[in-house]
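Trainee: I would like a close look at a single residue and its surroundings, followed by some of the secondary structure elsewhere in the model. Please take me through it in one go.

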Amino acid sequence: MLNTVKEGWTTFKSIFTGMGVTMRHLFGPSVTLQYPDEKMELPKGARAKLYVNIDDCIGCNLCARACPVNCIDIETVAATSDVDLGKTSTGNPKRFWLTRFNIDMAKCMYCDLCVYPCPTDCIYMVPEYEYSEFDRSGLVYHFSNLKPEMVAEVKEKAEKEAAEKKRQKEEMMRKKAEEKKRKELEKQKLEANKSIKEDDSSSKPENNDS
Amino acid sequence: MVEILDNIDQREMVINMGPQHPSTHGVLRLELVLDGEIIKKVTPNIGYLHRCFEKYAEQMDDYSKVIPYTDRMDYVSAINQEHGYVLAMERLLEIDVPERVEYIRVIMAELQRIASHLLGIGAFGLDLGAFTPFLYCFTEREKILDIFERTTGARLLYNYMAVGGLMKDVHPEFKTDTADFLKTFRPKIKELNDLLSYNDIFIKRTANIGVLPKQVAINYGASGPVLRGSGVQWDLRKNDPYSIYEKFDFEIPVGMGEMGTLGDCWDRYIVRVREMEQSLRIIEQALDGLPEEGDVTEAVPKRIRPKNGSIYTRSESPRGELGYYIESNNSASPYRVKARAPSFVHLGMLPAISKGSLIADLVAIVGSIDIVLGEVDR
């Protein structure tokens, strides 16, 4: 009987201690925000979305190689000798047309590993988080600012130059091969002459003997 | 009366608890063999969250690309997972880490331990019907996550540690932020004790439930709060110090069977609460000793290519002994990575400690061993 009363008392007491805590919280300041109306300010370095400052990109592909999930897709075309793409704001010379620079934010794991290797600091995370889409393809962000016709032109030009270079190289190779052949022929001729001479000289003592 | 008893169906009943069940803490399926409401047998079925961590690690062409994946093992205590991995890599590569890095790592790991225990405690209370402590725990956890967010940029999966250092330095107000948190958090532990730990209903639900005797815990290879709840003084931070833990003065709280039997759910719970206090002590000392100046990335190697060899390193995660076995074949990617996850081991003892209890008590037992399914399945 006494035990039951004692137990009842401890239960009663512990419930009221707990109630006291909740009561204190009831009159304390609120910790929640009414989200769409009120928004929390994200800190400066918050990792929420990848952004590429394409003007500073030199197309080195280091970010794509650092990505553990391969969400960065870069295609570059070498600039032809008649165009100068200028320099980035950090002073690195640009040597490639960036015909494609896509980041699939649906695949991205927000690990920040692509940010560190960038030599021009042009890829970084921005604290922007409201970018949900109805279609998954909407999460693929295209950063290349070249128009499709420009891409085609650039590619054609690069191909032409590459073909020209290849032709030149082949010509060089052909010339070299010809040169080699000629030299070989000369060598053979020389050798043939030598052997004739040698024959002559070797036949001489015979004549002497006889 | 006799007639009714004769007609009772005495066959066993098999029911599935989970995979979608709020108190299994993730996608865990427990196959229960029941006699009425009493559990005769429990079979945990795992694998619903298997993401091939170990195989992924072998596929990566860089050792540092594995770190974001270790985050995703135990997503509640990501910093501790990273810490274990980078410790193993540093021992494999024989790198000396700057002192400032070690201090920041310890502060981060202990903050994460508090955050993880807050979630574990809150969810445990929630399983037993105590909704309010859950919200209060989350409010406090939020403050820790804010500190993490300002430093690392992420709230849950940080990818903050690098082999040989850190990804970046802490934010400028890190010291004052953390000191402020310590100041406001101390009274909250007392509040939590008032609200939950010494609440009579909570004690009735947890004391003498799911008793794990000392010997059984050791035999099953338990570690962390589960082992300490059974009265074994075993903490890798003290018994096998890694990083700079030997510099700090703290105690290992153990279960004492205050409310019932030694090694019951309440003991495991209170060990976590007391561990948070010890973590606060460690953070305080680390903040005092944190060197002001120093480059946190100076010891980070440009290219990681360890020699042939293997290493096993263990560290104390909030859930227990976290071990990483890494085998290298002198290439850019690991030949083999094996993670020894404490949650997996603890889940293995569930059949042993829940036999003969009620279904409602099984909820308490699962909550008290504080498993994270991401770590169980990997």
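Mentor: Start with Tyr69(B), which is buried, because its relative accessible area is 13% and the cut-off for buried is under 20%. Keep in mind that this is a predicted model. Tyr69(B) lies in helix α3 of chain B, which covers residues 67–71. Leaving aside residues up to four places away in sequence, Tyr69(B) touches residues of chain A, namely Pro68(A), Val69(A) and Met109(A), and also Phe53(B), Tyr56(B) and Met60(B) in chain B. Between the C-alpha atoms of Tyr69(B) and Leu157(B) there are 9.2 Å, while 88 residues separate the two along the chain.

Next, a helix pair in chain B. Helix α5 (residues 99–127) of chain B packs with helix α12 (residues 265–289) of chain B at an angle of about 155°, and their axes are 9 Å apart. The two helices α5(B) and α12(B) are therefore roughly antiparallel, since angles over 145 degrees count as such. Their crossing is left-handed. The contact of α5(B) with α12(B) comprises 17 nonpolar, three polar and four charged residues.

Last, a strand in chain A. Strand β3 of chain A spans residues 96–104 and is mostly covered, with seven of its nine residues buried. β3(A) pairs in the antiparallel sense with strand β2 (residues 72–78) of chain A, over seven bridges. Within β3(A), Arg100(A) is the residue opposite Glu75(A). β3(A) also pairs with strand β5 (residues 140–142) of chain A, again antiparallel, over three bridges. Here Val140(A) in β5(A) has Asp104(A) opposite.

Technical notes. Residues are numbered from 1 along each chain as its sequence is written. Chains are lettered from A and ligands numbered from 1 in the order in which they are written. This is a predicted model: local features need pLDDT of at least 70, side-chain atom pairs count only at pLDDT 80 or more; totals for chains, interfaces and linings use all residues. Side-chain values use heavy atoms; hydrogens and water are left out. Helices (H or I, at least four residues) and strands (E, at least two) are DSSP runs, numbered from the N terminus. Buried means under 20% relative accessible area, exposed over 50%, partly exposed in between (1.4 Å probe, protein chains only). Contact means heavy atoms within 4.5 Å. Axes are lines fitted to C-alpha atoms, for helices over the stretch in contact, and angles run from 0 to 180 degrees between N-to-C directions. Angles under 35 degrees count as roughly parallel, over 145 as roughly antiparallel, 65 to 115 as roughly perpendicular and the rest as oblique. A crossing is left-handed if the near helix is turned anticlockwise from the far one by less than a right angle, and right-handed if clockwise. Ala, Val, Leu, Ile, Met, Phe, Trp, Tyr, Cys and Pro count as nonpolar, Asp, Glu, Lys and Arg as charged, and the others, Gly among them, as polar. Two strands pair if DSSP finds at least two bridges between them.
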